[in-house]
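This report walks through one protein chain, part by part. Please look over the sequence and the structure before reading on.

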Amino acid sequence: MASKQYTLYDLPSRAPCTTWTPNPWKTRLLFNLKGLDYRTEWVEYPDIKPTLENKVPANAGSTAYSIPTIESPDGTCVMDSRKIVQYIEKQHPQPSMHLDSSYLPKVEEVWSAYMGAIKPIFLNWVPRDILNDASLEYWYTTREKFVGMPVDQLEKEKGGELAWNEAEPALRSATALLKENEGPFFMGDTISYADLVWASVLLFSKRLGPGFFEEATKRSGDAQVHLNLLEAIRPWSERDSR
């Protein structure tokens, strides 16, 4: 009998190895929520291209191969968390992820704004606190090329209070959206992919340390609504490593 197990290609962290970065978190939460049978294959940054180039067509743009990528039981490979959820929704429509919800594009916009704002901080913290040695050179080289300076210099010049001040409007926007239907989800009592998108950055913020997470939730204007979301999705965030 053919296997019904998916493979999730994810980025490892230092021991204990768990999911840490937002885009793979979106897919892992999706798999857990859908109750899919899957295994995790951990791939260090320099090994992404060699692992995936014979499995899936390259992305357009600067990052040809990226994580997350999934391999389905029939061998189909899909790269990019947004393409993955569209594929999985067709294969496993229940429970619905409500990809047509008006909240999804709003939350994705807020997600992008927040991640862009805190980039001067996390680009330096991730290699310091999370990555294995095998990925450090790749990270420092590619991120310095991307931002035009070493990541420690970027944090000195644009991190700290400057970054948090830029992030605050996005955090407050997420708070306002969560309050529209009285939570814990953006659609009230109905979970959707929008919740997984925002939960992914909350989980990433927690992974960066309690001080980072506390600053993020403080800047949100109402920490409790974000804590409520994390508690509501906890049944699907507990599996983070296998």
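Which domains does the domain assignment of the chain give? The assignment gives domain 1, covering 6-91, and domain 2, covering 102-238. The model described here is predicted.

## How the two domains meet

Between the C-alpha centres of domain 1 and domain 2 there are 20 Å. Domain 1 supplies 20 residues to the contact, and domain 2 supplies 29 residues.

The size of an interface is often given as the accessible area lost when the parts come together. For domain 1 and domain 2 the buried area is about 2300 Å², and 64% of it is on carbon and sulfur atoms. On the side of domain 1, the residues that lose the most area to domain 2 are Arg 14, Trp 20 and Tyr 45. Together these residues make up 30% of what that side buries.

## The sheet

In what order do the 4 strands of the open sheet lie? The order is E2-E1-E3-E4, and the pairing is mixed. Strand E2 (38-42) and strand E4 (77-79) each have a single partner strand, so they stand at the edges and one side of each is left without a neighbour in the sheet. From one strand to the next, the twist averages 20 degrees.

Strand E3, made of residues 69-71, pairs with E4 in the antiparallel sense, over 3 bridges. Within this part of the sheet, Thr 69 is opposite Met 79, a residue in E4.

## Helices on the sheet

Helix H1 (residues 22-34) packs on the sheet and touches strand E1 (6-10), E2 and E3. The directions of H1 and E1 make an angle of about 155 degrees.

Helix H3 (residues 81-91) lies across E1, E3 and E4. Relative to E4, H3 runs at about 140 degrees.

Tyr 6 and Val 85 are 79 residues apart along the chain, and their C-alpha atoms are separated by 13 Å.

## The loop between E1 and H1

Pro 16 belongs to the loop between E1 and H1. The peptide bond that runs from Ala 15 to Pro 16 is cis, and its omega is near -5 degrees.

Thr 18 is also placed in the loop between E1 and H1. With 13% relative accessibility, Thr 18 counts as buried, because buried means under 20%. Which residues is Thr 18 in contact with, leaving aside its neighbours within four places in sequence? They are Leu 11, Ser 13, Trp 42, Arg 207, Asp 240 and Ser 241.

## The loop between H3 and H4

His 98 sits in the loop between H3 and helix H4 (103-129). Phi of His 98 is near 50 degrees, which is a positive value in a residue other than glycine. His 98 has 25% relative accessibility and so counts as partly exposed.

Asp 100 is placed in the loop between H3 and H4 as well. The relative accessible area of Asp 100 is 73%, so this residue is exposed.

## The loop between H7 and H8

Pro 184 has its place in the loop between helix H7 (160-179) and helix H8 (193-207). Gly 183 and Pro 184 are joined by a cis peptide bond with omega of about 5 degrees.

Glu 182 is placed in the loop between H7 and H8 too. Although Glu 182 is not a glycine, its phi is positive, at about 65 degrees. Is Glu 182 buried or exposed? Glu 182 counts as exposed, because its relative accessibility of 73% is over 50%.

Conventions. Residues numbered from 1 in each chain as written. Predicted model: local features only at pLDDT ≥ 70, side-chain atom pairs only at ≥ 80, totals over all residues. Heavy atoms only, no water. Pairing = 2+ DSSP bridges. Helix = DSSP H or I, 4+ residues; strand = E, 2+ residues; numbered from the N terminus. Axes fitted to C-alpha atoms, helices over the stretch in contact; angles between N-to-C directions. Contact = heavy atoms within 4.5 Å. Domains from an automatic or database assignment. Buried area = accessible area lost by both parts, 1.4 Å probe. Buried < 20%, exposed > 50% of the residue type's maximum accessible area, 1.4 Å probe, protein only.
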